[in-house]
Amino acid sequence: MTAIGMPAVRIDRTRVVPWLQEYGVYIGVAALLVFNVAFTPHFLSLENFRTQAVQVTPVLILSLGMALVIATGGIDLSVGSVMALAAAMISLYLGYGPVVAVLVALVAGAAAGAVNGALVAFAGVQAIVATLAMMIGGRGLSLVLLPQLDGIRNPGIRELGAGDVFGVPYLVWISAALVAVVVFVVRRTLFGRRIVAIGGNRRAGELSGLPVRRTLLAVYTVCGLFAAVAGVLATARLQASDPNSIGQLIELSAITAVVVGGTPLQGGRVRIAGTVAGAVLMQLLVSTLIKHDLPPSWTQIAQTAVIIAAVYVARERGRR
Amino acid sequence: MKSTAAIGTGLAGGPGGSGGGPAFGSGRGGGSAAEFVQRHGALVVLAAVLAAAALTIDGFFSLGNLNHIAVGAAFPAIIALGMTFVIVTGGIDLSVGTVFALAGVLAAWASQYGSLAALALPLAACALIGALNGVLIAKARLAPFIVTLATMLGAWGLMLAVSDEGTETYVVPDGLAVTPMVQDRFLGVGYPVLLVVVLFAIGGVALRRTGWGQSVYAVGGNEDAAALMGVPVARTKITAYTLSGLLAGLAGALNAVWLGSGVTIFGIGIELDAISAVVIGGTLLAGGYGFVSGSLVGVLLLNVIQNIINGIGGLSSAFQQVVSGSFLIVVVLAQNYLSRRRERV
Amino acid sequence: MTATAEQGGAGAAGPALRTRGLTKRFPGVLALDDVDFDLSHGEVHALVGENGAGKSTLIKVLSGVFAPDGGEVRYLGEAARFDTPLRAQQAGISTIYQEVNLIPLLSVARNLFLGREPRRFGLIDFARMHREAAGILRDYGVEVDVTGPLQGLSMGARQMVALARAVVADARVVIMDEPTSSLEPREVETLFTVIGGLRERGITVVYVSHRLDELYRICDRVTVLRDGRVVHTGALAGLERLRLISLMLGREAEQVERQGATTFGGPHERRAEEPVLVAEELDDRQRLHGVSLSIRPGEVLGLGGLLGSGRTETARAIAGAAALRSGRITVAGVPLRRRSTGAAIAAGISMLPEDRKSEGIIPDLSVRENIALAAMPRLSRFGLVSERRIDRVVDVFVERLRIKSAGTRQKVAELSGGNQQKVLLARWLALNPRVLLLDEPTRGIDVGAKAEVQRLVDELAAEGLGVLLISSDLEELIEGADRVVVLKDGSVVGELSGDDVREGALMRAIADADADAAADPGCTTPGGPAAEGAGRPGGPQEHDGGAGPADPRAGASAGEGTPGRRGAR
C-alpha cells in the first residue's frame, strides 16, 4: 500500500517545494499585506509605509551583505556586533565632524569583515567559528570603547536619520541604492559570478583559476562594510550610539531574510530580490504583531517559527 | 553480552591471513607532540596563567578568591559539559544562553510551589527545548546553528512571556529546602563545585566508556559512515541536544536559587563562553574528537582570566568578551595548524 | 542472529539470498526492472554492468539504503525487508563501500568494534577491545597500532578493517563495491586470500568490479546487469571474456572485437621539435621526487604507473594546483614564475581533474556558466561580464563537442556523466590552451561518450596541442599516447616510445618490485623479450622478488606466501 502511496506524495513534493522556495516569500508578503489592509487600522497611509520602510532599513542592508556571504557557502554571525562597533566609532569620532565619524565607522566595519574574511579564506577557519569569535569580541570591543548609551546631537547625523528628499527618507534612498548596486554586481560582474561559483563548488573554482581566497576576503569585507552602514543608519535614526543593544540578535533576522528569499544556506545560488522581500516579510510580520497588541515575547516566538519553517523548506535543494 | 559472544564465535579460526608479514603496516606513527598540545595545551596554559597571577597579583591565591573562581565557574561548566556532547557530534548549540535565562525565571517562579517544582519545571522545559533542537537537527536535518539560533530567540520570547515582558522579577522565597544545598559548603568547597565534579565524572565516563559515547564520537567523526555502521544517528544527536538543554536548564535553575531570584538579563552570551571553553579544552569544532575534562579546564581558564581582569582596576568587564573572542580564534587557528601537521606526518 | 549462527559452514543448503521481481523506480528512471538475483552460501559472486546498469541500486536495496518499489527479497529462506542499513547489517548483510564506511578520527579498534564493544560491568573494556582488535586484524594482514586513529592507515588497510568489522558482526553476505580500486597489487593479493577464507567459512561475497581479470581470478558466478535488468547469470568459468563484455555493453561480440576498446587513431604527427611544456625535477617532498617530462606540440604523452605512483600529483603540480618544494615548469620556452592555478592557466596550461564531481562541475550552475567559468575573465571587460561573448563561445563548444542538454541554461547536474565531462572539456578548451592535462578523462562515462572524448583528444593533438594523458585503462593509454612516461613512487622509472608503446612493455615497466602482481592481470599482448628494457633508461633492476628497499612498505611484502587462484581462466 505504501508502495503505491509514496510516489504520489513525492511527486507532489518535488513540485511544491521548489515553488515555495522560489515564490513563498512573495506569497508571504502579499498575505501579510492583505491581512493588514483588511484588519489593521490606518495601514494604508503614506506615513505608515514610510515608517515600515525606515524600520526595515538595517535588516535589509545587513541581509544584502549576508546574501553574498551565504552564496559563497559561508555565514556571518558578527553583523550585529559590527553594527555596535560602527555605532561606538560614530560616537568616539564625532568630534572630527560627521563625515570623518561615518568614514571611520565604515572603515572599522570593513576591517572587522576583512578579519573574518582572512580567517575564513586564508586560515581555513569555519565561517561559523570565525564570525562567532568576532560576534563576541566585536561586541566586547565596542563596549570597552563606549561603555554606555551616548546621545548624538550632531545636526548632520540627525539629518541623515530623519531627513528626506522628495518625501522619501535618506535611509530609504540609501538602502535602495545599495540594493541596486548588489543586484548589478550579482548579475553583471565577474565578482558576482565568482561568488556563486565558489559557493557551488570551491575546489572546482580553485582549479579553474578563480581567485577564491581573494573573493572570499572581499565578500566578508563587503558584509562587514554593509553591517557598518546599517549601524551608522540605525545610530542616526536612534540619535544615539548604543553599543549594548544595537544589533542584538539581528544576525538572525538577516539570515532569515536571506533564506526565506530563496538563497540556500549551502550556497551556490543567490536571490537578491527574494532577499529584499524576505527582509520586508520579517519587518511586516513584526509590525503586524505589534500593531495587534501582541507583546514582544510573541513576536520572538513567531519569528522563531518562521525561521524554522523557512529553513525547512529551503533545506531540500542543497541536499542534492 | 550478546555482542561479546558473537565476537568469540565469529573469530574462531579467522579467514586465514597471508603467510608472510603484514600487507598493511601503519603508514605513519608520529604526531604525538601535536596530540599532546591538543589534549593538554589548555591545562598547560591554565597552569602558566595561575602561576603568573599568583606571582604578580596580591591575594590571588587566597582561599576566598580561589573559591570565588570555582563557584563562578560552576554554572558555566555545567553548560559547557552539555555543549561538549553537542560539539563532539559535530553540532553546535547557540540556544543554551537564553535557555539558561529561561530556566532561572521558571525556577524562581515555580519556587513558590516548593523545591521540587523549582527544579522540575525548568529542567523539564529546558530538556524539551533541547529535544526540539535535536529533532529539528536530526530528523528534519536542518543546520544546527540556525536551529539553535532560532530557539535561542524562542526561549528568549518564552522567558519574556513568563516574566511579563521582562518587567517581573520573581524572588525565590526564603527557607526553600534546596537553597542551602546550593549555597552551603562541604569541607570548605561549595556544593555547586562538588556537583560539577560529579557531573563531569559521569559525563566523562558516559562519553568514554559507554556505547552512547562511542556513538557520539562516531556521529561527529563521519555521520554517513556512522549510519552505515549501525549507529543510531538521530537518537544520538537528539540525546546530545536534550542533555545540552537539560544541563543549561539545571545551571539556570541553580543559578536562580543561588542568586535568590530569576534575573532576566543573565545568560545572554553564555553560549559563546561555553563554546569557547569547549574549544579551548581541545574539542574539535568539526566534531568527532574531544573530552569533557578539557572543557572543564577551558571554563576554569576563562574564569581565571576574568578574575584577573576584574582584579586589575580600570578594565571594564566587557574586556573579557574581547579576550574570549580572541582566545577562541587563537585556539581554533592552533587546532587547524595541528591537525594539518598531523595529516602531513 | 541466532538463526544465522546455525547456518554457518559452507555446506548449508538453499540460497543465502534470493530476490524475485525486484523493482526500483527513481523519477524518470527505472533503476531496477524485475530483477531476480540468487546468492548461494559460500560463493563469490561477481556483479557487473556498465555505469547506470543498476548495480549500485541493487546493492543499496539489498543493504537497506533504498526500499524497493516492488518484488521481494528472501534472505536465509525467509521474506525480508530491511528499512535501514542497520537492519540489514544486524541480519548479516554487510556492505563494504570504497571509502566512506569508517570513521577516520576514531581509533582502529573502536572502528572495528563500534556498536559491539566488549563490556565489563556495563562499561567498555578497552584493554580487551585492543587485544582482540589486534588479534583479528593480524588475520587480515593488518598490523598496526589499534589504539591510533584510523586516519593513519592506508586506504587498503582501512578497507581491511571494514571487512574485518563485517565479519566480526557475523555477516553472512558481504557486498564489496570496487574493493581493489584503491589497493596496491600486494594488498590485492591479501584481499583475495581473505576472500578465499570467507568462502571457506560459508560467507557469501558479492564482488562488484570493473576489472575483469580480478573477477576471473576469484569469482565463482556472475550476474550481469544492463539498464536495470539481469541479462545474464551463471558460472563465470565457462564464460568467454569477450562474451562478458558484449553482455555488459549490449553489443555483439564481433563488434567489440572489430572496434577495439578505444577509438584512437594512429600516432600523431609532431609539428615541431621544440617542446611546448617542459617540467623539470618536480619535487613536493611527499609524492613527487624529481619528475621530469616534456611534451611537444601535437604530441600525446601518456603518464603510466599504478595508483599512487604520482601521476595525478604530477599533473596537479604542473597545473599549479599543488604545492611544490622545487622544480621548474616552462611553457613554450617561458618559465612559470608564480605557482598558482591562475598563473598556469594564463600560461596556457589546462587541467581536466580526475574527480569530475568534487573538482569539476558546479552542479547548481547551468551548462553555460560551467563552460564559461574559467574563461570568464577573458569574456569580460572591466570586471563586467559580456553575455554576448559568453553565448558565442558556449555555442561553439556545445556544437563541437556535441554536448547534449535541454539547452545551455539547464543545470549541469542534470546531465549524464559523459556530457558533464564534455562540459568540463569545453571549459578548458574555451581557454584556448597550449597544453591540456587530462587526468582519467574517460573514467565513469558511458561507452559512447568515451569514444567521443578519445576522438577529440586525437583531434586536439592534430591541431597542435600538447596533451598529457593519465589513464588507468592501459588500452586507452597505449592506443592514445605517442609516448609513455612511467612513474613509480614519484619518480620516472621508464619511458616508452614508438613501437615500444605496447601493453607488455608498459606492464613490465610499471611492475618492478611487484612483478608477480602487476604483470599478471590482462597480459594479453605477449610483450616479447625485445621490448624489455629497450625504452627504459635508468629503469629498475630485474624483478626477482620484492627487492625494493626504497619503499618502506615493500619490505613487508606478502610475497611468495600467496599463490593466488588463477584457475578460472
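Two residues are taken to be in contact if their C-beta atoms, placed from the backbone, lie within 7 Å. Helices (H or I, at least four residues) and strands (E, at least two) are DSSP runs, numbered from the N terminus. The model is predicted: local features need pLDDT of at least 70, side-chain atom pairs count only at pLDDT 80 or more, and totals for chains, interfaces and linings use all residues. Residues are numbered from 1 along each chain as its sequence is written, while chains are lettered from A and ligands numbered from 1 in the order in which they are written.

Chain B contains 14 helices and three strands, and chain C contains 20 helices and 25 strands. A residue is called buried if 20 or more other C-beta atoms lie within 10 Å of its own, exposed if 12 or fewer, and partly exposed in between, with C-beta atoms placed from the backbone. On this scale, 55% of the 345 residues of chain B are buried, and in chain C buried residues make up 51% of 569. Among the contacts in chain B between residues at least 6 apart in sequence, 78% join residues at least 24 apart. For chain C, residues 24 or more positions apart account for 69% of the contacts with a separation of 6 or more.

Chains A and B meet through 36 residues of chain A and 37 residues of chain B. On the side of chain A that touches chain B, α5 (127-145), α11 (250-260) and α13 (296-318) each supply at least two residues. Helix α5(A) gives the most, with 13 residues. By class, this side of chain A has 26 nonpolar, eight polar and two charged residues; here Ala, Val, Leu, Ile, Met, Phe, Trp, Tyr, Cys and Pro count as nonpolar, Asp, Glu, Lys and Arg as charged, and the others, Gly among them, as polar.

For chain A, an unreviewed UniProt entry lists several spans as "transmembrane region", including residues 119-146, 217-240 and 296-314. UniProt positions are given in the numbering used here, feature names are shortened, and annotations may be inferred rather than shown by experiment. In the model, residues 119-146 of chain A are 79% helix and 0% strand, with end C-alpha atoms 26 Å apart. Residues 217-240 of chain A are 92% helix and 4% strand, and their end C-alpha atoms lie 31 Å apart.

Some backbone details of chain A deserve a look. Most residues other than glycine have a negative phi. A:Gln239, though not a glycine, has a positive phi of about 60°; this residue sits in the loop between α10 (212-238) and β4 (240-241) of chain A. A:Gln239 counts as partly exposed because 14 C-beta neighbours lie inside 10 Å. A:Leu249, in the loop between β4 and α11 of chain A, is not a glycine either and has a positive phi of about 60°. With 16 C-beta neighbours inside 10 Å, A:Leu249 is also partly exposed. In α11(A), 11 of the 11 residues are buried, so this helix is largely enclosed by the rest of the structure. Among these buried residues are A:Ile250, A:Glu251 and A:Val260. A:Gly262, which follows α11(A), has a positive phi near 100°.

Helix packing is illustrated by chain B. The axes of α12 (residues 270-280) and α13 (residues 292-311) of chain B come within 7 Å and cross at roughly 120°. That angle makes α12(B) oblique to α13(B). Axes are lines fitted to C-alpha atoms, for helices over the stretch in contact, and angles run from 0 to 180 degrees between N-to-C directions; angles under 35 degrees count as roughly parallel, over 145 as roughly antiparallel, 65 to 115 as roughly perpendicular and the rest as oblique. In this contact, B:Asp273, B:Ser276, B:Ala277, B:Val278 and B:Ile280 of α12(B) meet B:Ser295, B:Gly298, B:Val299, B:Leu301 and B:Leu302 of α13(B). Its residues divide into six nonpolar, three polar and one charged.

In chain C, C:Arg368 is found in helix α14 (residues 367-372) and is buried, with 22 other C-beta atoms within 10 Å. Leaving aside neighbours within four places in sequence, C:Arg368 is in contact with C:Ile390, C:Val394, C:Thr408 and C:Arg409. C:Arg368 and C:Val394 are 26 residues apart in sequence and 6.2 Å apart in space, C-alpha to C-alpha.
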